[in-house]
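Colleague: Could you walk me through a sheet and a pocket, one step at a time?

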Amino acid sequence: MPLHYRPADGFVGDVIPFFWRGAYHLFYLKRLPGPGPGGAEATPWAHIVSRNLTDWEELPTAISPGGEGEPDCGGCWTGSVVRRKDMFHMFYTGHAPGHPERPQTVCHAVSVDLVGWSKDQRNPVLLPDPRWYERTDWRDPFVFWNDEERCYWMVVTARVRDVPTSRAGCLALAKSDDLDNWEVQPPLWTPYVVHAPECPDLFQLRERWYMLFSTRETRYRVGRSPAGPWAAPAIESLDGTRFYAAKTLSDDKRRLLFGWVPTREGEKDSGAWEWGGDLGLPRQLEVAEDGGLVIRCPAEVSDRFGAPLLRADEIGACESKLGKWIAAEEVLTGESRDGFAYTLCPGVRGDFAARLLVSVDGQATMAGLLLSAVV
């Protein structure tokens, strides 16, 4: 099975990860063949599971869109899964296109085994409070137990009232003692810099709290408590713009990050980017000295390759295109007095693993590695 999972009958969209009894459960929005985010039909929650982060077993569809007039008739969008006592609770976005009052709402479903799910007959279970929020964005609920306040928190992608649309994005807050009765609160975070901070995720790592959200790329903020205040790190993005809507889980040993990589139209490098694609490889998050997050490759993924890592003197003769390049032992050095320098490494073919240490010296300001370069 390829390392980057994709279902045979569709594509992977937003991932909702959950760890239980040694197994990594990934629920995801499944794009079916066809145009638009939902594909030919409205988006269901698909479900896969693994015990080694590389081999994925497909389980039955967790939830599917409802019928006409139901709050999720247009699709079941991003949310979260949480366990309380002997029951698993799913909170997800119900999409009802064309509904004038509640086009996006928070819906609820329950399960005893993470496989069979029953929707709450009360759906939707949470609507935006018009004192603070607009109606048009109310989605991506993330639920967790706040030990400081001894209650559950739900963080929701929303928009505040009376602010220009491009800057109205906020994270709304609701609280509950039992996951059944929720009270909407004023916004948890209102930066006035985004249209909508999608797919939020909050977690604690060491002594700090981290708040993830997505706007074209997955970004984050750092705080001392789940209530903030929140500060931007030196580098606010996690990975690149094509590892999207990433969310995390803890397996009691580490914090792992899961996102998806979009396909291109016609499966061609020149095609337009599409919504949905392949499951990205999991990333392991660690805390840097300055409190920011850094990404590592989980051992399960790197061990999958088996073969030794590539070295600079093993990749074949480099084709220096601009600047001066020298490959010696395990070091590849490039130099340009003024401007841009690059080299091609045609000896690399197929799948491979490489561990890189990039050092920028002198007057250089940036360096990088481009895979599958089109020149």
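The questions and answers below look at a sheet and then at a pocket.

Modeller: Gladly! This is a predicted model, where local features need pLDDT of at least 70, side-chain atom pairs count only at pLDDT 80 or more, and totals for chains, interfaces and linings use all residues. Residues are numbered from 1 along each chain as its sequence is written, and side-chain values use heavy atoms, with hydrogens and water left out.

Colleague: In the open sheet of three strands, what is the strand order?

Modeller: Strands are DSSP runs (E, at least two residues) numbered from the N terminus, and two strands pair if DSSP finds at least two bridges between them. The edge strands, β13 (198–205) and β15 (217–223), each pair on one side only. With antiparallel pairing, the order is β13-β14-β15.

Colleague: Which residue in β15 is the bridge partner of F213?

Modeller: Strand β14 covers residues 208–215 and pairs with β15 in the antiparallel sense over seven bridges. In β15, the partner of F213 is R219.

Colleague: Which element gives the most to the lining of the second largest pocket?

Modeller: A pocket is an open set of points on a 1 Å grid over the protein atoms alone, where a 1.4 Å probe fits, with protein on both sides within 12 Å along at least five of seven lines; lining residues have an atom within 4 Å of a point. This pocket is lined by 25 residues, with F18, V81, F144, S250 and R255 nearest its centre. Elements that give two or more residues include β1 (11–20) and β13. The most, five residues, come from β9.

Technical notes. Helix = DSSP H or I, 4+ residues; strand = E, 2+ residues; numbered from the N terminus.
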